[in-house]
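Me: I would like to go through this model feature by feature. Please show me how each one is read.

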Amino acid sequence: MKIVHVASEMFPYMKTGGLADAVSALCSALAENGHELSVFLPGYRAALEHPDASGAERKMRLKVEMANDFLSGDVRVFSPRKNLKVYLICREEFFDRRQPYGNGERDYEDNSDRFIFFCKAVVEMLRLGELQADVVHCHDWQAALLPVWLREAERRHGVTLALKTIFTIHNIAYQGVFPSKTFARTNLPDELNQMDGLEYYSQINLMKGGIMFADRVTTVSPRYAKEIQTPEFGCGLEGVVQTRADDIVGLLNGVDNAVWNPAVDSLIPARYSAVNLAGKAVCRAELLKRTGLSSDAKSPIFGVVARLTEQKGIDFVLENRDFFLTQDVRLVVLGSGSRRMEEELRELAAAAPQKISVSTKLDEAMSHLIEAGSDFFIMPSVFEPCGLNQMYSQVYGTLPVVSRVGGLADTVVDVDDDPAHGTGLMCEPSALSLRHALQRALVLFADRPRYAATQQRGMAKDFSWKVAAAGYERLYQDSL
Ligand code: ADP
Ligand code: GLC
């Protein structure tokens with residue numbers, strides 16, 4: 001099949017979270033299976049500076065219609081591996097920036113223009129016959145209107161640009177909601193600016209368009225596919241999701257075992273596998289050394305790697321500060337985002353610098369070292385569409401402590417509930433419930449044989465993208 005993916009992130013060209021890992025691994029897996037993959041990304045500064053892009057060919061110049069303006073852009077293309085081409089949609093004014101969505105404090109004011117431009121440039125490429133697509137697969141709000149424009153362009157020009165469109169919701173909490181006047185920039189017919197179109201409480205909602213107009217809608221875990229049909233998790237779009245209840249499927253993300261694999265990982269100081277965990281002990285010692293924590297083999301290390309947002313349940317960790325201060329444990333946190341959370345975490349570390357380490361950087365190597373060197377990984381999310389770190393943890397022999405929501409509930413089994421199959425510990429998304437799970441972690445850690453058996457079960461799980469990619473292949477075939 002000729003498959004086009006459109007997303008705002010792809011590892012290693014731009015990454016703020018799991019979307020980047022998921023897009024990268026899915027596209028690689030599909031390319032490996034012999035499909036012809038074209039991925040469209042915004043031409044961010046980091047993407048253009050990446051060594052893979054150094055020999056990028058300047059494919060063409062485009063003009064994109066937005067309201068009454070025509071904005072020009074460049075398309076550059078390179079091929080990081082067989083069957084996979086990456087197209088960067090470049091326009092300095094929009095994408096020559098360090099951060100993709102905002103400056104840390106606030107989102108950029110021109111985000112609607114930036115991503116409308118991005119998607120319309122993709123439509124132009126298809127319209128000009130620069131590439132053919134059986135399936136156009138769009139990710140999250142930044143690419144959500146593409147299915148709408150594709151159908152509209154086909155109606156206007158009487159040609160088929162894509163046989164089928166797929167829209168994947170990685171996180172329904174980010175919908176791309178903009179003032180109503182933004183609608184003019186889409187050049188879509190006015191009837192789409194209504195309640196059964198993009199209109200959303202007198203604004204416009206891009207994700208709503210993707211959910212309504214794509215041929216198929218997917219999300220990143222079976223449980224989240226159900227959750228987003230309820231007011232508790234639907235973030236206001238539950239009604240819209242319900243209208244697609246028959247077409248929405250939850251396909252679990254996988255783990256890219258070329259990148260997240262302790263047997264080959266070049267970002268950690270020693271390699272290891274389930275049969276020989278000596279390397280994990282080296283990683284553990286290195287983690288303590290690098291973070292300046294005192295070492296004591298008998299006390300467990302808890303790791304956290306997360307975007308600091310409400311979603312990740314960081315407040316539940318903070319509300320348990322006395323646990324980390326009074327118990328004989330170590331805590332290593334890597335996360336950036338909310339200024340308040342960054343500050344509160346730094347204060348916590350300052351209160352016990354021998355036991356608690358906090359870094360608020362984006363640090364790919366450190367994220368691997370934490371996965372490898374910790375004994376437990378804490379991820380008590382309020383909601384979690386899929387979550388990758390709890391899977392990485394199991395692969396790295398680090399026991400996840402997670403809340404029972406979304407993809408976390410689909411990928412972790414509580415060892416106290418199910419001693420024969422358990423791979424981690426689960427709680428409800430609350431500080432008190434997390435506290436109980438942390439206490440249970442101490443008990444589990446003290447029982448070495450039970451801890452080791454739980455670890456082995458986690459490491460034996462198959463989270464590879466083979467399974468996930470096969471699910472998408474079936475979906476594409478089915479829709480065609
Ligand atoms: P989400 O996409 O909601 O952030 P996921 O669990 O799907 O959650 O993916 C998070 C990804 O981002 C993981 O690869 C994780 O290691 C990475 N990550 C999060 N924060 C940081 C950070 N400060 N430095 C490096 N990697 C990070
Ligand atoms: C989103 C979700 C996360 C998911 C990732 C990749 O960022 O928050 O749960 O794993 O997308 O699909």
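Me: How many Å separate the centres of domain 1 and domain 2?

Reply: Taken over C-alpha atoms, the two centres are 32 Å apart. Domain 1 covers 2-254 + 465-479 and domain 2 covers 278-460, with bounds that come from an automatic or database domain assignment. This is a predicted model, in which local features need pLDDT of at least 70, side-chain atom pairs count only at pLDDT 80 or more, and totals for chains, interfaces and linings use all residues. Residues are numbered from 1 along each chain as its sequence is written, chains are lettered from A and ligands numbered from 1 in the order in which they are written, and side-chain values use heavy atoms, with hydrogens and water left out.

Me: How many residues of domain 1 and domain 2 are in contact, and what area is buried between them?

Reply: Contact means heavy atoms within 4.5 Å. Here 21 residues of domain 1 meet 20 residues of domain 2. Buried area is the accessible area (1.4 Å probe) that two parts lose on being put together, summed over both. Between these domains it is about 1,600 Å², and carbon and sulfur atoms give 57% of that.

Me: Which residues form a salt bridge with the closest N and O atoms 3.4 Å apart?

Reply: Side chains of opposite charge can pair when their charged atoms come close. The cut-off is a side-chain nitrogen of Lys or Arg within 4 Å of a carboxyl oxygen of Asp or Glu. The pair is E364 and K15, and the count between domain 1 and domain 2 is one salt bridge.

Me: Which helix gives the most to the side of domain 1 that touches domain 2?

Reply: Helices are DSSP runs (H or I, at least four residues), as are strands (E, at least two), numbered from the N terminus. Helix 7 gives the most, with four residues.

Me: Where do R284 and D375 lie?

Reply: These two form a salt bridge, with the closest N and O atoms 2.9 Å apart. R284 is in helix 10 (residues 278-291) and D375 in the loop between helix 14 (364-373) and strand 16 (376-379), so the pair ties together parts 91 residues apart in sequence. The structure holds 36 salt bridges.

Me: Which residues come nearest to ligand 2?

Reply: A residue is near a molecule if one of its heavy atoms lies within 4 Å of it. Of the 13 residues around ligand 2, the nearest are H170, N253, E384, C386 and G387. A polar side-chain atom of N253 is 2.8 Å from an oxygen atom of the ligand, and a backbone N or O atom of C386 is 3.0 Å from an oxygen atom of ligand 2.

Definitions and conventions: A polar contact is a pair of N or O atoms within 3.5 Å; within protein, one must be able to donate a hydrogen and the other to accept it, and residues adjacent in sequence count only if both atoms are side-chain atoms.
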